[in-house]
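Subject: Structure handover

Hello,

Here is the structure I said I would pass on. My notes on it follow below.

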Amino acid sequence: MSDTTSQRTEAFVRTDMLPEQAPPATQTGIIKWGRENLFSGVANSALTVFAFIAIYFILMSSMPWILNGVWNASSIRECRELLEGATGGCFAVLTERWNQLLFGFKYPNDEYWRPTLAFALLFIAVAPVMFYKYLPSKMLLFTGLYPFIAFWLIWGGPVLAPIFGLLGFVAGYLVWSRFVANSFAVGFFGAIAAALVTWWVGGIITNSVSAGDTLLSAVPSRDMGGFMLNLILGTVCVSLSLPLGIALALGRQSDMPIIKWICVVFIEFVRGVPLITLLFVANVVLAYFLPPGTTFDLILRVIIMITMFSSAYIAEVIRGALAALPRGQYEAADSLGLDYPQAMRLIILPQALKISIPGIVNVAVGLFKDTVLVSVISMFDLLGMIRGPILASTEWNGVYWELFGFASLLFFVVCYGISQYSQWLERELATDHR
Amino acid sequence: MKKSVIFGALTVAGMAAAAGVASAGTLDDVKARGKLNCGVTTGLVGFAAPDANGNWDGFDVGVCRAVAAAVLGDPTAVEFVPTTGKTRFTALASGEIDMLARNTTWTFSRDVDLKFEFVGVNYYDGQGFMVPKDLGVSSAKDLDGATVCIQTGTTTELNLADFFRSNNISYEPVPIETNAEAQQQYLAGACDVYTTDASGLAATRAAFEDPAGHVLLPEIVSKEPLGPLVRHGDNEWGDVVRWTLNALITAEELGVTSANVSELAASAGDNPEVNRLLGTEGNLGEMLGLDADWAVKALAGGNYGEIFEKNIGENTPVGLARGLNAQWTEGGLLYSPPFR
């Protein structure tokens, strides 16, 4: 074909494709991106220029401070001598008080590996819960054991205590699974009784057997501190308040008046009281009620109060999600002949919890940040360490930006991580067609 | 309904327990426990703060250690319970701590209404003023029209208003929440003057990059006698703490220091009061329910002057002069009743 046409006409016809050319410089790469996103109009151009000027000034004032920082000095005065009047942060406070910021000032130095190990194991423990589709479900066994391992690692003391703690739950579960088929009430109260008996017997045995020798030396609660304390409180309270919040939300929707009203009163009361008030109750008021000598562990008191507080909020988040489910879902469950627990477990809660992920994460992030409030009742969490001992030492009195910046950084990393995970989980669970 | 019954029962039990605390002998409790529970601040420069190794150090801490040494023979047998301004009094009233040494001002209402017993004064403080040197002010009475950084909700606020009104001059307050914030605001020039307790001003100034560029004005406009306190109603224990503090003060007056105390206590010397203090003569220790050498043990950590110099004295970064806290023989207010 091409031969004949070329003979008949003089017109030029290309026989081969032109090689692809690069698009014009203004239509590609960073220039195109910049034109579209930064300079797409007069107003946007002005804002861009303004933003660049602002960033420039911020960097100009902060970069020398960061880059010129002093990391090795023994006091703020030595920092100033080393800087000789130049701008620069005194980050030496972070290196010198590093362990205090992370573990508090009373946790024994030789035992730092214990909370560190517990922290590392935390990731292994939560992984099968967070990424349940991708990891074998057998790993959940470790998740179940983790609270007892972590308790023993951080607090130390007789190894029998966490073992009996675990046995109590096992005994409760055995009784429950044995009797629940006959009657829910027998199973429920039997399980509680079995657990309590196990713990009571375990307590006696623990006290009598291993009073002297312990594998890991015991560390009293008062010695906990630093970011470790924030993490302990945050992790424990979030993981406890989630099931409690679900129970409260379901209880509030119950047809049984007593259960319903207990839940309503609890939720409304706790939501109506500031967290800091509850913490003061935990710290000072309970001390009046309890007979002297029977010291009820302070961290335990605080955990109970924060858990109560956040479970009330989570209950309301989940109640919103339950209300958002179409009525047909409940009816579908009924028409399949499922009883209440089955309907909740298989149909209602999976959907409700999916809807409420953003709300729950919101509460969890807020709760984690609220743990710094314990510094007000003289517990030395990260902020308590900074505001109390470190700023009050003659060496470091006057170092603010470095310390509070470090604290913000630690909290940001954790909270941003939680937030990113929740967004990933939402995408993962999305079953609707968008 | 059920809850209220439980709470009611708890309250009654609590009342009974609280009553029990007051009647039990704290001295015996401390001896049986082998540790003194001493309430301190969560951290105040020079007065109480844990160091990099977690050991508490400071001027108030020195009092706790002296009491522990006198009662238990070991200055390290102290459980320091950090308290905030809000939790300190409940901690003492509920029996969580045996004594409170947390630069607490001795006032009528705290002594009488809150049912505490101030055993003495270990630091005479008062509200002062700090100004930049460039301001060229040498007296607080020249501060007419000045902007003043002041912590809200404290007695310093009221004292300030009183001082300016009685001198017929005006000022503009800049309310501040914490000392840390005040430090920043003052350095940033948000106010001409910063006012708080003189010891706090000195500690704040010590942390400045250029301490010499700021001066403390000579006027002290309020009385802030700071001292350790115990619960009402346990006078034996109150006596132990009071006379331990007095022993520290008397020791300085009599020239007994940590360096020479063991030598002086080895045998009765020429000065009968030193002999009585150190237990080589008389039975003062026995009267307190302690060993005869209780004061010797208490003084192992130094007398009042040594504790002062070590923690807040002129050679430390805090750099406080003795001022009102000098011995009465040297023009100060420290005056211990005699050991007789």
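In H12(A), the residues A:Phe266, A:Ile267, A:Val270 and A:Arg271 meet A:Met308, A:Phe309, A:Ala312, A:Tyr313, A:Ala315 and A:Glu316 of H14(A); contact means C-beta atoms, placed from the backbone, within 7 Å. Helices here are DSSP runs (H or I, at least four residues), numbered from the N terminus. By class, this contact has 8 nonpolar, no polar and 2 charged residues. Ala, Val, Leu, Ile, Met, Phe, Trp, Tyr, Cys and Pro count as nonpolar, Asp, Glu, Lys and Arg as charged, and the others, Gly among them, as polar.

This is a predicted model: local features need pLDDT of at least 70, side-chain atom pairs count only at pLDDT 80 or more, and totals for chains, interfaces and linings use all residues. Residues are numbered from 1 along each chain as its sequence is written, while chains are lettered from A and ligands numbered from 1 in the order in which they are written.

Next, the two chains. In chain A, 27 residues are in contact with 35 residues of chain B. Helices H4 (76–83), H13 (275–289) and H18 (382–392) of chain A are the elements that give two or more residues to the side touching chain B. That side of chain A divides into 15 nonpolar, 8 polar and 4 charged residues.

Last, one residue of chain B. Leaving out residues up to four places away in sequence, B:Cys64 touches B:Leu36, B:Cys38, B:Val40, B:Val78, B:Phe80 and B:Ala101.

Regards

Technical notes: Contact = placed C-beta atoms within 7 Å.
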